[in-house]
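Colleague: Could you walk me through the pockets in this one?
Modeller: Gladly, here is the model.

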Amino acid sequence: MNREEITQFFTILRNENPEPKTELIYNSTFELLVAVLLSAQSTDVGVNKATKDLFAAANTPQSMYDLGEEKIKEYIKTLGLYNSKAANLHKTCGILATQYQGEVPNERTALESLPGVGRKTANVILNTAFRQPTMAVDTHIFRLSNRTGLAPGKNVREVEDKLLKRIPKEFLLDAHHWLILHGRYTCIARKPRCASCLVYNQCQYLAKSDE
């Protein structure tokens, strides 16, 4: 896509959904961090079901740390990789409680130093909670960026860097959510729903169809 097509692409998505939001349910930056940490290889629906009871039991770093790793496991055992997630979450809560006064840091290096928090998770927190212009590239965004010609890349970091460079500043804060939602519900993996795609004319996918 050229710059004009990219501008049209995001203008259309913005007009359809002016204030896009994550589908994870949370009431604080800490709860968002927990939900994103738990979301690896799990659906947002599944995470929301698990965190409903978890957050009712503990919704601060100290209270969740006090639950203990085994108790955390009980709350999240329906999620993939729950053993390692529980271990990382418990350690992260301890660090937040003791080193950050129970607050989630708003700086990348500090976030990525937390157990279980990688670059993608840090990008989500920085963008969604702290409204920084970051781009968290998940499987949906990686697929869509390559398929549509928006920001082709061989790996996640290459796609991230291209998106940050190519997306006009006026769209950058919300672009992450627009792309995830479009990839999740329209530009799906096996058979993209081209017939109902709002950005069909901007897309450069050679195999796109009207069906």
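Colleague: Which residues lie nearest the centre of the largest pocket, and how many line it?
Modeller: This is a predicted model, in which local features need pLDDT of at least 70 and side-chain atom pairs count only at pLDDT 80 or more, while totals for chains, interfaces and linings use all residues. Residues are numbered from 1 along each chain as its sequence is written, and side-chain values use heavy atoms, with hydrogens and water left out. Ser 39, Ala 40, Asp 44, Lys 120 and Asp 138 lie nearest the centre, and the lining has 33 residues. A pocket here is an open set of points on a 1 Å grid over the protein atoms alone, where a 1.4 Å probe fits, with protein on both sides within 12 Å along at least five of seven lines, and lining residues have an atom within 4 Å of a point.

Colleague: Where does the largest pocket lie relative to the domains?
Modeller: The largest pocket lies between domain 1 (3–20 + 135–202) and domain 2 (29–129), because both give residues to its lining; these bounds come from an automatic or database domain assignment.

Colleague: Which helix gives the most to that lining?
Modeller: That is α11, with five residues, where helices are DSSP runs (H or I, at least four residues) numbered from the N terminus.

Colleague: And the second largest pocket, which residues line it?
Modeller: Its lining includes Leu 13, Glu 16, Trp 178, His 182 and Cys 197, and the largest share, four residues, again comes from α11.

Key: Helices (H or I, at least four residues) and strands (E, at least two) are DSSP runs, numbered from the N terminus.
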